[in-house]
2 protein chains.
Amino acid sequence: MAKKIAVLPGDGIGPEIVDEGVKVLRAVAESFGYRFAFRFGMVGGGAIDRVGTPLPQETLDLCRDSDAVLLGAVGGPRWDDNPPELRPEKALLSLRKELGLFANLRPAMLFEGMEQSSTLRPEVLKGVDLIVVRELTGGIYFGEKSRERLEEGERATDTLVYHEWEIERIVRRAFDIARGRRKRVTSVDKANVLESSRLWRSVVNRVAEDYPDVELEHMLVDNCAMQVVRKPSHFDVIVTENMFGDILSDETAILTGSIGMLPSASLGDGSFGLYEPVHGSAPDIAGQGVANPVATILSVAMMLRHSFGYEEAARAVEQAVRSVLAAGYRTADLAPSGDLAIGTEEFGDRVAEAVRRHV
Amino acid sequence: MAKKIAVLPGDGIGPEIVDEGVKVLRAVAESFGYRFAFRFGMVGGGAIDRVGTPLPQETLDLCRDSDAVLLGAVGGPRWDDNPPELRPEKALLSLRKELGLFANLRPAMLFEGMEQSSTLRPEVLKGVDLIVVRELTGGIYFGEKSRERLEEGERATDTLVYHEWEIERIVRRAFDIARGRRKRVTSVDKANVLESSRLWRSVVNRVAEDYPDVELEHMLVDNCAMQVVRKPSHFDVIVTENMFGDILSDETAILTGSIGMLPSASLGDGSFGLYEPVHGSAPDIAGQGVANPVATILSVAMMLRHSFGYEEAARAVEQAVRSVLAAGYRTADLAPSGDLAIGTEEFGDRVAEAVRRHV
Ligand SMILES: [Mg+2]
Ligand SMILES: [Mg+2]
């Protein structure tokens, strides 16, 4: 049975980088004997222009009928003044909600030869290979909000709510992921102050009993914000609630260098997932063939691992990226002197070629 | 009129490091012709042992009758199993509350010659000199909390509340502080998601009108967690709410190296303030004369600046610390090969001497 992949290129550099992701998937299919069926859909600003909504029903139906989604990027100055409901970014929120994607995965790893693009010392970066598993649909971003006018001025309120089941499903996901890695989970909370964190910690401790082979530690969020800069190689899987995960995944993103390198996955129940680069649609360089496709290609590796269970193929793609970078090839964003840079397509060709050679 | 300073040495290395702080204040008094009246009080574990409470009423009265408080550190394994009300750390919370200290100041600056103790590259550290101004008495740490048992399991709730006046007083404080520095304020919030952050941002914009000489920027907290690692020299004054400040002040703490170097101030209305090192009581090395007094001495510099308005004296103390470090003197925690280390007292002597020479 072919794996059905919904491909949503989106705006800006989206189409260019997604092309390279699909190219690499075709190389995987060829080399490993897998079958993928690609079906394309509209999303973001382009969809607004053509059909008046950032997430058309047919795109949503296409995703629902697929095993995984590969998304490029959405947005651009052209739609910046639109009302909230007609903003390209609204499509991402709607997709997460409609598809029940509650786990956001953001890996940060060091690629050899890329040390110079980080602000951390090379010896601190050595061995950095972590993943932040962030709860995506609960917590204070989605709690009740209010604003009141009192005699002494205004008062604003936000509410942070977590249910046991919401915590349990993301924590189990994190432990499962740790089993495929170095078997170490760091659960981040603020249990010395927050009630929701105390519930979080008790659920983590209970779930951990089902994973005696995985090492668990608890860390307070302020200490964690310090430790990821002090000793990032300490971490394997970091699991945390929505807002802490938002902060920590952006902090860890910067550890290993360019944001052009960072993939992400958003998972729900089962094996379905949406995969997209962390970076945006970069409208300023769109259509020039100079965009960095690494984040998209690494997102494809995550798809192979987390949605299809093709671990060997996932590693082959990661290894292919590693080898192309190690050979000195860079897109313009990473080439300090622009003249050594290669284009988006050539970079994708070289990775696809390395995937084929690998087998 | 002599400035009345309440001195609370506390537990562990507290008494040793506070001695050096007082020593430096005496050198300042001598050199600049100021008068300080030191009065000592019990706090923390020692107070529990002697009078059965971590913050005796007479200590609180002493603080209230003073112009500033110099605190060492509290806590130790001896009291770790005490109930919450009889924990040494309870004294800190009570002091903040009773004294109305709503602004926590945590500077992070680079001392020449200390670059090797940071995990960031030396060129990234160049020019780092920032201060985090954190709201200390409001927000989610102090909001209503609850836990309910529903049919599908437990649910936990925390509440984040801010009043306009709470925001205004901390923001004004931050702008005032910026005027004595590089005149740049970064206000950190999550205004794209949180209602309390939208109120925060509107108050900041209103207050900023009274400070046309100070440059203001708004930054989202997740981006800020990234930017302080990417380009820490960008920042001058960071002002933010309680929890964001907790996370960011710990993250910035690690930028410039040892936590043994970091001072702090907690301010209320007017010029009263409490000054203490960020580090703890380090019971493992207490009484050995090897503790690093730099954080306490720099806290004394903050006292001179923020409570007494003795800016020149404050700079003289900071310059003295700088010159002693530049001459190669280190306490054991900072001397990679222990044999070059000097003791707590000798370090304090050298700083006091440098203060005297400065004038
Ligand atoms: Mg973010
Ligand atoms: Mg903290």
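A: Let's start with helix H8 (residues 221–230) of chain B: eight of its 10 residues are buried, so the helix is largely enclosed by the rest of the structure. Buried here means under 20% relative accessible area, while exposed means over 50% and partly exposed lies in between, using a 1.4 Å probe and protein chains only. Helices are DSSP runs (H or I, at least four residues), as strands are (E, at least two), and both are numbered from the N terminus.

Before going on, please keep in mind that this is a predicted model, in which local features need pLDDT of at least 70 and side-chain atom pairs count only at pLDDT 80 or more, whereas totals for chains, interfaces and linings use all residues. Residues are numbered from 1 along each chain as its sequence is written, chains are lettered from A and ligands numbered from 1 in the order in which they are written, and side-chain values use heavy atoms, with hydrogens and water left out.

Back to our helix. The buried residues of H8(B) are Val221(B), Asp222(B), Cys224(B), Ala225(B), Met226(B), Gln227(B), Val228(B) and Val229(B). Donors are N, O and S atoms within 2.8 Å of the metal (3.2 Å for Na, K and Ca), and sites may look incomplete, as water is not among the atoms.

The two partners from chain A share helix H9 (residues 242–253) of that chain, where Asp246(A) and Asp250(A) are four residues apart, about one turn of the helix. In general, an α-helix has 3.6 residues a turn, so residues three or four places apart point the same way. Asp246(A) counts as buried because its relative accessibility is 7%, and Asp250(A) is buried too, with a relative accessible area of 12%.

The magnesium ion (ligand 2) is coordinated by the OD atoms of Asp222(A), Asp246(B) and Asp250(B), at 2.1 to 2.6 Å. Asp222(A) sits in helix H8 (residues 221–230) of chain A and Asp250(B) in helix H9 (residues 242–255) of chain B, so this pair joins two chains. Both Asp222(A) and Asp250(B) are buried.

Next, stay in chain B and visit Ser281(B), in the loop between strand S12 (273–277) and H10. Ser281(B) is buried, with a relative accessible area of 6%. Leaving aside residues up to four places away in sequence, Ser281(B) touches Asp11(B), Gly12(B), Ile13(B), Ala73(B), Val74(B), Gly75(B) and Gly76(B), where contact means heavy atoms within 4.5 Å.

That loop leads on to a helix pair. Helix H10 (residues 294–306) of chain B packs with H11(B) at an angle of about 165°, their axes 7 Å apart. Such axes are lines fitted to C-alpha atoms, for helices over the stretch in contact, and the angles run from 0 to 180 degrees between N-to-C directions. H10(B) and H11(B) are therefore roughly antiparallel to each other; the classes are roughly parallel under 35 degrees, roughly antiparallel over 145, roughly perpendicular from 65 to 115, and oblique for the rest. H10(B) passes H11(B) in a left-handed crossing, that is, the near helix is turned anticlockwise from the far one by less than a right angle, while clockwise makes a right-handed crossing. On the H10(B) side, Val294(B), Ile297(B), Leu298(B), Ala301(B), Leu304(B) and Arg305(B) take part, and they meet Glu311(B), Ala313(B), Ala314(B), Arg315(B), Val317(B), Glu318(B) and Val321(B) of H11(B). This contact of H10(B) with H11(B) divides into nine nonpolar, no polar and four charged residues. Ala, Val, Leu, Ile, Met, Phe, Trp, Tyr, Cys and Pro count as nonpolar, Asp, Glu, Lys and Arg as charged, and the others, Gly among them, as polar.

One last stop is Glu312(B), which lies in helix H11 (residues 311–326) of chain B. At 56% relative accessibility, Glu312(B) is exposed. The C-alpha atoms of Glu312(B) and Phe32(B) are separated by 9.1 Å, although the two are 280 residues apart along the chain.
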